[in-house]
Amino acid sequence: MIIRKRLAAALCGALLVTVTGGLLPSAALADSGGTADRATAKEPPKVELVLDVSGSMRARDIDGQSRMSAAKQAFNEVLDAVPEDVRLGIRTLGADYPGKDRKEGCKDTKQLYPVGELDRTEAKTAVATLVPTGWTPIGPALLGAADDLEGGNTTRRIVLITDGEDTCAPLDPCEVAREIAAKGVDITVDTLGLVPNARMRAQLMCIAEATGGTYTSVQHKEELSDRVSQLVDRAAEPVVTPVATQGGVRCADAPRLKAGLYADRETFGQHRWYRVDLLPGQELRASVSIAADRPVNRDHGVLLRASTLAGREIVRGESAGDGRTDVVSTGLRYPRPETNGSATDTGTADGTDGAGDTDGTGTGDGGPAAETVCLRVSNSFSAPASVKTTPGLPLELTIDITSGPRDAGDAAFFGLGHGWWLLGLLTLAGFAAGGLWGWVSRWRIAVWRSN
């Protein structure tokens, strides 16, 4: 009886595979291939490991070893596994000055191994010489690491490993991280706290959040090694580097954008305008994210609005938050029909589109008329009086232009578009599989009764 059930299940599975014809995997592979091509990094990524070598690293509370010994072993394992295409460096803090002069102690940070092609033997030898010594100048170390990673069009990541809070206030490391993020140099800071307390955890989380990084609490040597290796590997993953742009104060002055990822900055309560040209039969998909890289007041929101040059709203996307948040995002879709009967609604009040066209459309080469879509990004962030409002909040705008649906119903009904035929095929396959299963079950019961 068990064999018969397995036979029936196998038949149903074979029917499903036959009907669907392996369509889903091929589509997925095609999509992932296109994404990989777009996400190729131009230059090798850069990573700098920043290690705390202050006196407190002598404590023996990580698997019976001192924190320094656990860190050294973890570093050796990480250095053995660094991908070939990653440019890695090492910086220390608190490694040289053993005295009690706070001013001198807060200068105690240096680059132990320069960022570049990795010589594993040389790097391990340099780490082996470290001895827990002095203070914990996290802020100066972050500034130094940011300088070490300067130059090049690539991803940059700082991995900070420490067992204590910064001892060099008022140079608050959280404010330093915000300053690094405000420079727009695309540096991510990940933090790892060795046997952390509540205050240290709060400080390290603030540093990570300010730059879009992560925080991890570490209690064991294996955790430290695994997490650092994971972060270094993550830096080697292909990413899309945003293209710097500057939105206009009105649509007529806005930059024309094509499909891609763009970075800008928007001050509190500001509007930014961008333009996208859309041909008949194309669909615009746009999304925007604004990061709160500094303390902000409660109740905030982001609005992405698409309109014609004449100001008529086409579609909008909005999102709101209440309380602490790091990123607020929203998006929209606008499929343009194959035929455009609204050319008279695409011009500005003076009959131009800001680029010399008198009707707001037209490619000038006799081809299909392109409609100019105005995208406006607005935010309702506000901040306490003590918080700086410049530079503006980091903004990322994603533009994608694809082939539009055959009719408006495809885009509106659950967003499935041309996938309806596949859904119908799967439904038929389900009915067929159910009928087959019922026939096999009736046959099995008949055999059982006859026996």
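In what order do the four strands of the open sheet stand, and is their pairing parallel or antiparallel? In this predicted model, the order is E9-E14-E11-E12, and the pairing is antiparallel. Strand E9, residues 271–278, and strand E12, residues 313–321, stand at the edges; each has a single partner strand, so one side of each is left without a neighbour in the sheet. On average, neighbouring strands of this sheet are turned by 15° against each other, with direction ignored.

Strand E11, residues 300–307, and strand E14, residues 371–379, run antiparallel and are joined by six bridges. Within that pairing, Val302 has Asn379 of E14 as its bridge partner.

At the N-terminal end, H7 is capped by Asp172, which places a side-chain oxygen 3.0 Å from the backbone nitrogen of Cys174.

The packing of H7 on H6 can be described in detail. The axes of the two helices are 8 Å apart, and the packing angle is about 20°. Angles under 35 degrees count as roughly parallel, and H6 and H7 are therefore roughly parallel to each other. Their crossing is right-handed. On the H6 side, the residues in contact are Ile138, Gly139, Leu142, Leu143 and Ala146; on the H7 side, they are Pro173, Val176 and Ile180. In general, an α-helix has 3.6 residues a turn, so residues three or four places apart point the same way.

Helix H3 covers residues 67–81, and helix H9 covers residues 221–236. How do their axes cross? They come within 9 Å and cross at roughly 35°, and this crossing is right-handed. H3 contributes Ala70, Ala71, Gln73, Ala74, Glu77, Val78 and Ala81 to the contact. These meet Lys221, Leu224, Ser225, Val228, Ser229, Val232 and Asp233 in H9.

Finally, I would draw attention to some points of backbone geometry. Most residues other than glycine have a negative phi, and most peptide bonds are trans. Which residue in the loop between strand E1 (46–52) and H3 deserves mention here? It is Asp63, whose phi is positive, at about 55°, although it is not a glycine. Asp63 is partly exposed, with a relative accessible area of 42%. Val195, in the loop between E5 and H8, likewise has a positive phi, near 45°. Val195 also counts as partly exposed, at 25% relative accessibility. As for the peptide bonds, the one from Thr390 to Pro391 is cis, with omega near -5°. Pro391 is found in the loop between E14 and strand E15, residues 393–403.

How values were computed. Residues are numbered from 1 along each chain as its sequence is written. This is a predicted model: local features need pLDDT of at least 70, side-chain atom pairs count only at pLDDT 80 or more; totals for chains, interfaces and linings use all residues. Side-chain values use heavy atoms; hydrogens and water are left out. A polar contact is a pair of N or O atoms within 3.5 Å; within protein, one must be able to donate a hydrogen and the other to accept it, and residues adjacent in sequence count only if both atoms are side-chain atoms. Two strands pair if DSSP finds at least two bridges between them. Axes are lines fitted to C-alpha atoms, for helices over the stretch in contact, and angles run from 0 to 180 degrees between N-to-C directions. Angles under 35 degrees count as roughly parallel, over 145 as roughly antiparallel, 65 to 115 as roughly perpendicular and the rest as oblique. A crossing is left-handed if the near helix is turned anticlockwise from the far one by less than a right angle, and right-handed if clockwise. Contact means heavy atoms within 4.5 Å. Buried means under 20% relative accessible area, exposed over 50%, partly exposed in between (1.4 Å probe, protein chains only).
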